[in-house]
Amino acid sequence: MSRERLEFCLNGRPIVVDVDAGEMLADVLRDDLGMVSVKKACGEGVCGACTVIMDGWAVVSCIMPAGRAHNTSVTTLEGLARNGELDRLQAAFAEEGAVQCGYCTPGMLMSAKALLDSNPCPSREEIRLAISGNLCRCTGYQRIVRAIERAFTRGG
Amino acid sequence: MAEHWILGKPIPRHDAWSKVDGSIRYAGDYAVPEMLHARVFRSPFPSARILSVDTSAAEGLVGVHAVITGRTFPYRIPSDIPGQSAGTGQTWATAPVLAAERVNFVGEAVALVAADTPELADAALNLIHIEWQEEPGIFDPLQAIRDSNNIIAHYGYHTGDVDSGFAEADLVIENTFRLPCLDHACLELEDGLAWIDEHGVINVRIGTQGVEHFRTVADALGVPHANIRIAGTMVGGAFGGKGDATLEIYLALLASRTRRPVHLGYSREESFLARCKRHPYIMRYKTGAQRDGRMVALEVELIADAGAYATMSPYVALYSAITATGPYVIPNVKVNAVAVHTNNPISGAMRGFGVPQACFACECQMDALAAALGMDPLVLREINYVRKGDRLATRQTIETEPLLSETARRACEALGKRTEPSARNKRVGRGIASHMTPYGRLAFLHDRSSAHVRMETDGSVVIRSGIPDIGGGQSDSLCQIAAEVLGVSPRCVTILTTDSLMTPLAGMTRGSRQVFMSGNAVLMAARAIRESLLTKASEMLGVDPGQLDLVAGQVVQNTEAWPMIEIQRVAAACAASHIPLDHLAEYVVPSPADLEDPAAFALGIFQDFTFGAHAAEVEVDLDTGEVRVLKSVGCHDVGKAINPASVAGQIEGGAVMGQGYALSEEYILDHGYPRNASFQEYMVPFSLDCGDITALLIESGQGKGPFGAKGVGEPALSAVAPAIINAIRDATGVHVLSLPATPARLWNALHGLDQSRTRANGTSLSMEG
Amino acid sequence: MLWQRYYRPESISEALEVLSSEHGRARLVAGATDLVIQLRRGELQTDALVDVTRIRSLQFVRRNGAKIEIGALVTHAEVARSELVNERAPVLCEACFQVGSPQIRNVGTVVGNVVSAEPAGDSIIALLALDARLTIVGPGYEKQMPVVQACLAPGRSIIDPTREMVTHLEFELPLASYGSAYERLAQRHSLALPIMAVGAFVVLDLESRCFESARIGIGPVAPVPFRATAAEDLLRGAAVEIPLICEAACLAGRDAAPRDSVRGDAAYRKQMVQVLVRRALVRAVKRAGGHV
């Protein structure tokens with residue numbers, strides 16, 4: 001079994017990690033780098049719970065070979081807060097009641113963050129589209145959409 | 001009464017922060033060094049005998065530490081409802097932990113392995129050799145019911161005389177409804193970790209709906225109950241699917257055998273195969289009514305497909321039987337409900353527990369009746385709704401005012417102006433459904449919940465409760481209640497939960513019972529402490545305690561709302577005078593009778609119901625059969641909303657789960673073989689499939705929970721699917737009788753016959769979808 | 001282990017060299033969205049992955065005379081937001097826009113979809129209507145192949161990712177008035193393969209108000225990509241009018257002959273072929289400047 005060396009930027013910090021061949025990015029993030037906010041819930045890239053941001057784009061990490069991350073910039077939920085202060089999206093999710101069981105929350109926040117970084121004032125339809133790859137079984141999506149709206153209308 | 005100072009405010013939940021910053025840990029986020037990895041060997045057949053089992057090759061594999069089969073571990077779990085501190089003795093049947101002689105469904109657990117790595121565990125599974133003899137299985141409940149040995153439970157009741165009722169009726173309609181198998185599809189997969197600690201206690205960390213399983217685990221292992229600890233984590237969704245004792249037993253057994261920590265986590269496919277399902281139902285409804293809309297007779301036959309083992313099925317059948325009539329006064333009623341064995345997957349608890357199924361049939365039948373009578377569906381319902389003082393057909397009296405008309409009207413109104421169809425080939429329709437959904441356990445189960453509350457010497461508060469939090473804000477509501485009663489900011493309330501050794505037992509989180517039961521327990525405990533505080537404060541201030549209140553960290557005089565002294569100082573003074581500021585309370589539900597008592601039904605088999613309605617506006621594409629839900633409104637009497645954002649969240653989530661039930665979800669079984677055990681193929685709605693949802697809360701204060709609260713988790717779901725199906729009927733004239741109303745099914749119904757309207761003589765031409 | 005070695009070549013020649021040195025034991029991968037699932041299910045095996053996502057020369061969407069060329073690394077998301085493709089070949093944009101989810105579209109490549117040869121693959125169906133061709137390079141050769149010939153069976157394409165690679169796909173745009181559209185029916189609006197999908201591309205003679213030609217791709221109705229040639233023949237040279245379009249849709253339904261599936265019975269799916277062909281043709285005609 002061979003190992004490979006990955007170098008990439010994780011949550012703003014350069015890291016180097018040796019990983020087993022055959023691993024997915026989600027496993028490396030969770031097991032080797034401690035980013036347990038990345039959830040594995042379907043193994044097929046359908047539910048979006050493993051969503052991370054790679055070079056500005058939301059991607060599913062459970063079906064992404066870890067080697068793909070080499071020389072990229074990856075953001076997980078752990079990297080969203082800055083200097084101990086929550087991102088406006090995180091605050092909005094908590095305040096709007098967009099978090100019930102919380103399992104979809106990391107993936108949702110990543111998709112939302114990727115959206116607002118490229119589209120600062122999305123329509124409701126664009127918001128629904130941006131999270132259309134993130135399954136939620138608890139909230140009915142209603143408050144998640146509202147939270148994202150709240151985050152950018154409020155500014156910050 | 002003074003307005004509440006923190007109760008009833010939509011404050012962010014205390015658990016939201018760790019969920020948005022990623023610091024929260026679910027069961028699968030823990031790992032310990034040197035832990036073993038477990039796998040479950042599952043039956044590939046729906047019905048087969050196990051002729052021989054050879055595990056020698058698997059056991060011989062280096063790195064495999066345990067291989068356990070049904071032959072070596074023959075324990076069978078009794079089908080009881082755990083979580084009741086008083087054993088009820090209601091043991092209907094047993095189910096093996098590991099199948100020994102035969103398997104009864106695809107995916108049934110047959111053996112367990114534990115190995116150094118997941119790969120080795122997989123390899124060990126492949127080395128287990130089983131000689132099978134496949135046998136014919138039964139997959140159709142209608143076929144199963146012909147053999148009385150397959151009948152697990154049967155409930156029936158009647159009032160009046162249905163035959164004479166039908167004879168006198170102006171109109172009689174009859175329909176048969178069919179509901180599919182559903183999966184909970186919660187996002188967090190089953191996952192747990194077990195280890196033996198320095199006290200020799202076997203600890204199991206797992207996301208579960210009930211820590212009371214420690215008893216089942218202990219009995220299975222043959223160890224004292226005090227030697228097992230279930231340490232529950234925050235659950236990533238459950239909806240009834242994490243209430244059975246499965247992983248707990250596997251993990252404890254393997255940890256016990258290997259003396260090493262053991263981890264087990266399911267894949268999504270395995271979760272689909274292994275987890276219990278919502279009961280598929282076949283429901284025959286025959287309704288007789290007068291021209292003026294009064295229902296005079298109702299005959300109902302319910303057949304619930306229990307799947308391979310009894311587990312919860314008798315109770316599910318009972319719930320559906322009791323709610324089968326809907327919230328209506330009908331003088332002549334006959335209901336029969338049967339739960340039957342098949343070789344389909346085990347049917348168990350899923351949000352609503354038989355009530356959504358009965359509500360679907362009942363409310364679609366109401367609309368069919370309205371169509372036959374040429375009457376507005378809401379008007380028809382209003383003619384028949386129960387009112388305070390009326391009796392259900394079970395003879396239970398409705399003791400409070402069920403706001404059926406108000407919730408239905410408000411839900412309808414909130415749909416607003418009727419949307420115009422967006423194209424020539426589209427039709428828009430609106431539908432309504434009312435529901436009565438019980439909250440809290442069956443009355444005779446003597447339900448109870450304990451909670452411990454302690455105020456620290458600096459005025460902050462610690463709550464200990466065994467309550468499992470499955471995402472509905474269960475633990476947060478307890479914090480908000482304590483904060484209200486003790487006048488303490490929620491930020492100063494810490495709650496420790498879900499630990500069978502360390503927290504008082506609160507019963508399971510199911511049956512929409514926790515706000516009711518644990519809320520009342522915390523209320524009792526907090527009030528006892530409040531009394532001590534007010535007595536002390538009264539001494540310190542020279543003011544009558546009746547004039548004092550606790551608000552926002554201060555003792556205030558309630559007429560003036562002047563802060564008079566900090567609660568912190570009163571707490572410190574209590575401590576100095578050795579006045580205890582902690583209290584263990586147990587809330588016990590008064591239980592009038594036992595199930596076997598014929599009077600039980602009349603005395604009230606449920607403590608209470610949540611009443612409400614759901615309204616939907618849909619657009620149907622006549623060319624393709626696609627249905628879009630344009631507007632969805634749930635209006636329910638929730639009694640009192642401890643946290644309105646949490647309550648609304650349940651209603652909104654229920655609206656989408658109900659939409660999935662109505663339009664897209666079905667766990668497809670082909671002679672017992674699952675065909676869509678994946679998220680790609682099992683059609684749970686995503687964000688583009690849903691529109692905006694309106695949640696309307698009515699707070700009558702009539703609930704039996706704290707501050708008059710009622711349960712809402714399951715009530716949020718009951719009426720959604722029938723409201724959508726009724727809206728389809730309004731749009732197209734087609735009565736959909738079986739779910740899901742997929743595009744193909746609806747299209748076939750639209751184009752199958754020339755007309756699908758109910759004829760004047762009352763015979764419905766409704767087609768089975 | 002799903003694979004043992006992972007390569008990241010930075011040029012086409014380097015990629016081919018690696019493949020060659022592995023003697024068929026390595027496999028090309030770009031987005032990997034289909035591949036990982038196939039490996040996990042055991043439908044495919046490989047010893048090594050050759051990740052070509054760093055080869056910058058394969059990331060282009062450009063006009064080349066009358067052709068539009070799309071590099072092998074262009075994702076569904078990039079095609080969906082490409083102004084050029086939106087303007088000239090909206091059938092492909094609409095198809096790409098509805099694949100999977102935003103996350104899948106951000107990494108899955110259009111070319112990768114062709115190599116995966118999924119009968120319900122949205123971009124394949126659209127590429128049929130565009131009569132697109134792939135350019136494939138291997139050790140010492142370069143060849144072109146129509147997409148319609150590239151898919152041999154569900155999950156199997158003629159391209160051998162252990163030996164060769166697709167560099168780009170291309171399709172030609174006519175001089176005359178043309179328009180295209182994609183119609184899709186699925187059980188939900190994201191992360192569902194289509195129950196039925198149709199891509200239509202029409203060329204009109206606006207003066208005579210006739211179809212010069214039409215191409216209609218339909219899936220999933222057959223193990224390999226399906227062009228409704230009888231319907232296309234009917235339209236060629238005929239007047240642009242609704243009854244004719246309906247007749248063509250009927251012919252398409254007859255010839256597509258879908259079977260029963262979990263997503264719908266045969267009669268329903270056949271009817272949906274007609275509905276979607278009609279809708280796609282009408283929108284394509286309107287985009288071409290025609291009137292119906």
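Trainee: Which residue in strand 14 of chain B is the bridge partner of L193(B)?
Mentor: In this predicted model, strand 11 (residues 191-196) and strand 14 (residues 262-265) of chain B pair in the antiparallel sense over four bridges. Strands are DSSP runs of E with at least two residues, helices are runs of H or I with at least four, and both are numbered from the N terminus; two strands pair if DSSP finds at least two bridges between them. In strand 14 of chain B, the bridge partner of L193(B) is H263(B).

Trainee: What pLDDT do side-chain atom pairs need in order to count?
Mentor: Residues are numbered from 1 along each chain as its sequence is written, while chains are lettered from A and ligands numbered from 1 in the order in which they are written. Side-chain values use heavy atoms, with hydrogens and water left out; totals for chains, interfaces and linings use all residues, local features need pLDDT of at least 70, and side-chain atom pairs count only at pLDDT 80 or more.

Trainee: Which strands stand at the edges of the open sheet of seven strands in chain B?
Mentor: The order of this sheet is 3-7-1-14-11-12-13, with mixed pairing. Each edge strand has a single partner strand, so one side of each is left without a neighbour in the sheet; the two are strand 3 (64-69) and strand 13 (228-232) of chain B.

Trainee: What angle does the direction of helix 3 of chain B make with that of strand 1 of chain B?
Mentor: The twist of the sheet averages 20° from one strand to the next. Helix 3 (residues 118-126) of chain B packs on the sheet and touches strand 1 (36-42), strand 3 and strand 7 (109-115) of chain B. Angles run from 0 to 180 degrees between N-to-C directions, and axes are lines fitted to C-alpha atoms, for helices over the stretch in contact. For helix 3 and strand 1 of chain B the angle is about 30°.

Trainee: Is D621(B) buried or exposed?
Mentor: D621(B) lies in strand 26 (residues 606-621) of chain B. Leaving aside neighbours within four places in sequence, D621(B) is in contact (heavy atoms within 4.5 Å) with N425(B), K426(B), E626(B) and R279(C). Buried means under 20% relative accessible area, exposed over 50% and partly exposed in between, with a 1.4 Å probe and protein chains only. With a relative accessible area of 4%, D621(B) is buried.

Trainee: Which residues of chain B lose the most area to chain A?
Mentor: 51 residues of chain B are in contact with 44 residues of chain A. The two chains bury about 3800 Å² between them, 58% of it on carbon and sulfur atoms; buried area is the accessible area (1.4 Å probe) that two parts lose on being put together, summed over both. Together making up 19% of what the chain B side buries, the residues that lose the most are V20(B), L187(B) and F686(B).

Trainee: Which residues of chain B lose the most area to chain C?
Mentor: Here 21 residues of chain B are in contact with 19 residues of chain C. Chain B and chain C bury about 1800 Å² between them, 55% of it on carbon and sulfur atoms. Together accounting for 25% of what the chain B side buries, the residues are M683(B), F686(B) and W747(B).

Trainee: How are helix 5 and helix 8 of chain C oriented to each other, roughly parallel or roughly antiparallel?
Mentor: Helix 5 (residues 90-97) and helix 8 (residues 122-129) of chain C pack with their axes 8 Å apart, at an angle of about 170°. Angles under 35 degrees count as roughly parallel, over 145 as roughly antiparallel, 65 to 115 as roughly perpendicular and the rest as oblique. The two helices are therefore roughly antiparallel.

Trainee: How many residues of helix 8 of chain C are buried?
Mentor: Helix 8 of chain C is largely enclosed by the rest of the structure. Its buried residues include D122(C), S123(C) and I124(C). The number buried is eight of the eight.

Trainee: What phi does R209(C) have?
Mentor: Strand 12 (residues 196-205) of chain C has nine of its 10 residues buried, so it is largely enclosed by the rest of the structure. Nine bridges join strand 11 (residues 177-185) of chain C to strand 12, running antiparallel, and strand 12 pairs with strand 13 (residues 210-219) of chain C in the antiparallel sense over nine bridges. Strands 12 and 13 of chain C form a hairpin with four residues between them, and in the turn R209(C) has a positive phi of about 55°.
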